[in-house]
Amino acid sequence: WSLQVIDGLVSVKNMLALAKSFNTTLTAFLASVLIESIYKEMPVQSKVYPISLMIPVNLRQFFPSETTTNFFGTIEVNYNFKKNSPELVYIIKEIDKQFKQQ
């Protein structure tokens, strides 16, 4: 099993519109797509395990800060394909819910 990466460019405007069409944020949308991509490339015997991501969150929007250094925290989101549908729309709904809770 080997990981392959494809590098490309996409319009932020188009990507934001796509995320909004799923009623979610760009970050939650991209996290969901990453989770789906990881799942599709996992060996069959590993698909019983949930996929977790640590997502950096800019804390400046929540706390006033004048520091020039990074000011962030992280949240953990996960999706269990054993218990939930592998369809992207369901992944997005669950990840969006976890983003809002955290």
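A residue is called buried when its relative accessible area is under 20%, exposed when that value is over 50%, and partly exposed in between. In this predicted model, Leu-34, a residue of helix 2, has a relative accessibility of 43% and therefore counts as partly exposed. Between Leu-34 and Ile-51 there are 17 residues of sequence separation, and their C-alpha atoms lie 9.9 Å apart in space.

Glu-36, which also lies in helix 2, gives another result, for its relative accessible area is 13% and it is therefore buried. If residues up to four places away in sequence are not counted, Glu-36 touches Phe-81, Pro-86, Leu-88 and Ile-91.

With these two residues in mind, the reader can turn to the chain as a whole. The protein chain contains three helices and two strands, and along the sequence these elements follow the pattern α-α-β-β-α. Its C-alpha atoms fill a box of roughly 50 × 30 × 30 Å when this is taken along the principal axes. When contacts between residues at least 6 apart in sequence are considered, 45% of them join residues at least 24 apart.

The next topic is the interior. In soluble globular proteins, nonpolar side chains tend to be buried together. Here the largest nonpolar core has 17 residues, and those that touch the most other members are Ile-35, Ile-55, Val-77, Phe-81, Ile-95 and Phe-99. Two or more residues of this core come from each of helix 2 (26-41), strand 1 (51-58), strand 2 (72-79) and helix 3 (88-101). Ile-55 can be followed in detail: leaving aside its neighbours within four places in sequence, Ile-55 is in contact with Thr-27, Ala-31, Gly-73, Thr-74, Ile-75, Val-77 and Phe-99.

It remains to look at helix 1, which comprises residues 12-21. At the start of this helix, a side-chain oxygen of Ser-11 reaches to within 3.3 Å of the backbone nitrogen of Lys-13. Helix 1 is followed by Asn-23, whose phi angle is positive, near 55°.

Methods. Residues numbered from 1 in each chain as written. Predicted model: local features only at pLDDT ≥ 70, side-chain atom pairs only at ≥ 80, totals over all residues. Heavy atoms only, no water. Helix = DSSP H or I, 4+ residues; strand = E, 2+ residues; numbered from the N terminus. Contact = heavy atoms within 4.5 Å. Core = buried A, V, L, I, M, F, W, Y, C linked by side-chain atoms within 4.5 Å. Buried < 20%, exposed > 50% of the residue type's maximum accessible area, 1.4 Å probe, protein only. Polar contact = N/O pair within 3.5 Å; in protein donor to acceptor, adjacent residues only side chain to side chain.
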